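Subject: Structure handover

Hello,

Please find the structure below. My notes on it follow.

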Amino acid sequence: MATLFKDVFILDGSRLHAERVHLLVSKGRIAEIKDYRETPPSADKIISGRGKMAVIPGFVNAHTHAAMVLLRGLGEEAPLMDWLQNKIWPVEDKLTPDYIYWGTLSAILEMLSTGTTCFADMYFEMERVAEAVLNTGMRAALSRGINQGEPGKIERSLENNINLAKKYHGREGLITVQLGPHAPYTVPLDSMKMISQAAKDNDLGIHFHYLETEGEKNSLPENYLEQAGLLGVPHLTLAHSVYLDPDIKINFDNITLVHCPNSNLKLGSGIMPLNSWLDRDVSVALGTDGASSNNKLDMWDEMRVTALLHKGVNKDPVIIPAIDVLRMATYEGAKAFGFSQKGMINEGWAADLVLVDLDKPHYIGVNNENLGVYLVYAGSSADVAGTMVNGKWLYLRGNYPTLDHDEIISKALEAREAITK
Ligand code: NI
């Protein structure tokens, strides 16, 4: 089935300006883009934009823990270690596979309605998360969070993560799998070396929390990544990296940093020196982190805060242009997690798209030259009219064609009550 976006603006992180076009989606891909003054291609379904709608690539939330929506609001306004050890981990112990399944679906409702088409999830019971993703039809990069506990726990979790990869990596083109050692403070160095080796042996990437807080930096050697064998893995995604030194002498070709500004602000962790990384041409994606440290799963918020925060901190209104932020929120995340031809609007690329309604007061004055700044500074997820993955609507004007919204909310609520009583 072909869908035509007739007379819409298109913009992605590689374009200086938006273009006004007809865009045809067929067989899950962007089949044709042509000027809006030409005759539109024929299609089964037509979305009529009348120059008052935009199509942008779907957001890739490059670091989250989806089912943590069930823990939102718990232990608010506490420092990271106190929050984790005393508020979060005891409640997480009560999570069952079913709770994680419904919690993940509830997070998916939230992500789809805000324009996210792909998320990188590190948690546990990941087979159930994979099931939620496949039932929905969205994309995800999944890693089993690995951390220490009783003897043998790390080895068992690693085996579980590798089995997850064997079963789901590449499945329906929707899922990729990475190994998910939690952080240096929850995985001893020897175990990290073992996990790095397993990543190389199985040709898998690693998704890892690194240098989120200042305390972590003080307790680790500067060459930790090298020592732990992490530099040789097929791809390394470092969440947070607030305290990673931008002058560090390593090769970043296979490394992506994930900037999570709202989570870092809320937990009082600090601010990543983003402009130094971009000056160095290092890939940086954006993530929300879990909903219990953000507390949203809304990439529009990450974009706006990213674009504002660094200008303020550096007293420089020129750095971190809106279009770079859009690229970080889309293409960079897709690339980091092995999704090729996703995150830009090009013919032949995957139709993972967000339909944005520009027929609103805060878009008065928008045109092809300023659409990027309108989206990042004036726009919000309230402008999302539809979210499409692989050419299929997963969210359209308040409806979720592949999901039962009411059932998900009621099951997630049951889970929340059970884990907090
Ligand atoms: Ni995290």
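Along the chain, the donors of the nickel ion follow the spacing H-x1-H-x143-H-x79-D. Donors here are N, O and S atoms within 2.8 Å of the metal (3.2 Å for Na, K and Ca), and sites may look incomplete because water is not among the atoms. This is a predicted model, in which local features need pLDDT of at least 70, side-chain atom pairs count only at pLDDT 80 or more, and totals for chains, interfaces and linings use all residues. Residues are numbered from 1 along each chain as its sequence is written, and side-chain values use heavy atoms, leaving out hydrogens and water.

The protein donors are H63 (NE2), H65 (NE2), H209 (NE2) and D289 (OD), at 2.1 to 2.3 Å from the nickel ion. H209 belongs to strand 10 (residues 205-210), while D289 sits in the loop between strand 13 (283-286) and helix 10 (299-313), so this pair ties together parts that are 80 residues apart in sequence. Helices (H or I, at least four residues) and strands (E, at least two) are DSSP runs, numbered from the N terminus. H209 and D289 are both buried, meaning under 20% relative accessible area, with exposed being over 50% and partly exposed in between (1.4 Å probe, protein chains only).

Now the cysteines. The structure holds zero disulfides, a disulfide being a pair of cysteine sulfur atoms within 2.5 Å. C118 is buried, at 4% relative accessible area, and C260 is buried at 0%.

Regards
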